[in-house]
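These are my notebook entries on one structure. I looked up the fold, the strand pairing, the helices and the charged side chains, in that order.

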Amino acid sequence: TRTVRYLAADGRTSLALRLSRPVPDPTRGVGGAPHPTVVVLYGGAWRGGSAAQSARVDRALAGRGWVVAALDHRHAPAHPHPAQADDVRR
């Protein structure tokens with residue numbers, strides 16, 4: 001798992017996504033080949049939480065051959081709707 005920094009849709013707020021990739025396993029053919037990808041959004045009603053909340057699920061999916069992008073976003077009420085959806089789309 002590695003952290004990738006990016007800017008929120010406002011162009012000023014720094015966000016991060018956690019990118020988890022399958023561990024290379026030559027016996028199963030997991031490695032450099034293309035993998036399906038799942039985007040994970042954490043629970044928190046757009047008001048709180050972090051992408052790290054899904055770490056166990058991310059590892060489990062990566063262990064089964066998926067690439068996982070666990071996204072962060074700005075939180076309400078400091079950033080009202082549609083800021084969160086804009087961040088996810090970005």
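**Entry 1: conventions and overall build**

I take a contact to mean heavy atoms within 4.5 Å. On that basis, residues 24 or more positions apart account for 61% of the contacts in the protein chain with a separation of 6 or more.

I note that this is a predicted model, in which local features need pLDDT of at least 70 and side-chain atom pairs count only at pLDDT 80 or more, while totals for chains, interfaces and linings use all residues. Residues are numbered from 1 along each chain as its sequence is written, and side-chain values use heavy atoms, with hydrogens and water left out.

I looked up the secondary structure, where helices (H or I, at least four residues) and strands (E, at least two) are DSSP runs numbered from the N terminus. The protein chain holds two helices and four strands, and its order along the sequence is β-β-β-α-β-α. The C-alpha trace spans about 50 × 20 × 15 Å along its principal axes.

For burial I use relative accessible area: buried is under 20%, exposed is over 50%, and partly exposed is in between (1.4 Å probe, protein chains only). Of the 90 residues in the protein chain, 34% are buried.

**Entry 2: strand pairing**

I count two strands as paired if DSSP finds at least two bridges between them. Strand E1 (residues 2-7) runs antiparallel to E2, with six bridges. Within this pairing, Val4 has Leu17 of E2 as its bridge partner. The two strands form a hairpin with six residues between them, and Gly11 in the turn has a positive phi of about 80 degrees.

E2 also pairs with E4 in the antiparallel sense, over three bridges. There I find Leu19 opposite Ala69 of E4. Which strand is largely enclosed by the rest of the structure? It is E2, because six of its seven residues are buried.

**Entry 3: helix H1**

I then asked which residues of helix H1 (residues 55-63) are buried. They are Ala55, Asp58 and Ala62. Seen down the axis of H1, these residues fall within an arc of 60 degrees (taken from the directions from the helix axis to the C-beta atoms), so they line one face of the helix. Their cover includes strand E2 (14-20), strand E3 (37-41) and E4. After H1 comes Gly65, with a positive phi near 100 degrees.

**Entry 4: salt bridges**

I define a salt bridge as a side-chain nitrogen of Lys or Arg within 4 Å of a carboxyl oxygen of Asp or Glu. How many does the structure hold? I find four.

Arg74 and Asp87 form one of them, with their closest N and O atoms 2.8 Å apart. Arg74 lies in the loop between E4 and H2 and Asp87 in helix H2, so the pair ties together parts that are 13 residues apart in sequence. Both residues are buried, and the relative accessible area of Asp87 is 1%. The side chains of Asp87 and Arg74 also make a polar contact at 2.8 Å, that is, a pair of N or O atoms within 3.5 Å; within protein, one must be able to donate a hydrogen and the other to accept it, and residues adjacent in sequence count only if both atoms are side-chain atoms. Leaving aside neighbours within four places in sequence, Asp87 is in contact with Tyr6, Ala8, Ala9, Leu15, His73 and Arg74.

A further salt bridge joins Arg12 and Asp10 (4.0 Å, N to O). Arg12 is exposed at 68% relative accessible area, whereas Asp10 is partly exposed at 22%.

Arg89 is exposed at 61%, and Asp86 is partly exposed at 28%. Salt bridges that share partners join Asp10, Arg12, Arg74 and Asp87 into one network.

**Entry 5: Asp72**

Is Asp72 buried or exposed? Asp72 is buried yet has no salt bridge, and the nearest side chain of opposite charge, Arg5, is 6.1 Å away. For charge, Lys and Arg count as positive and Asp and Glu as negative, while His and the chain ends are not counted. Not counting residues up to four places away in sequence, Asp72 touches Tyr6, Leu15, Ala16, Tyr42 and Ala51.
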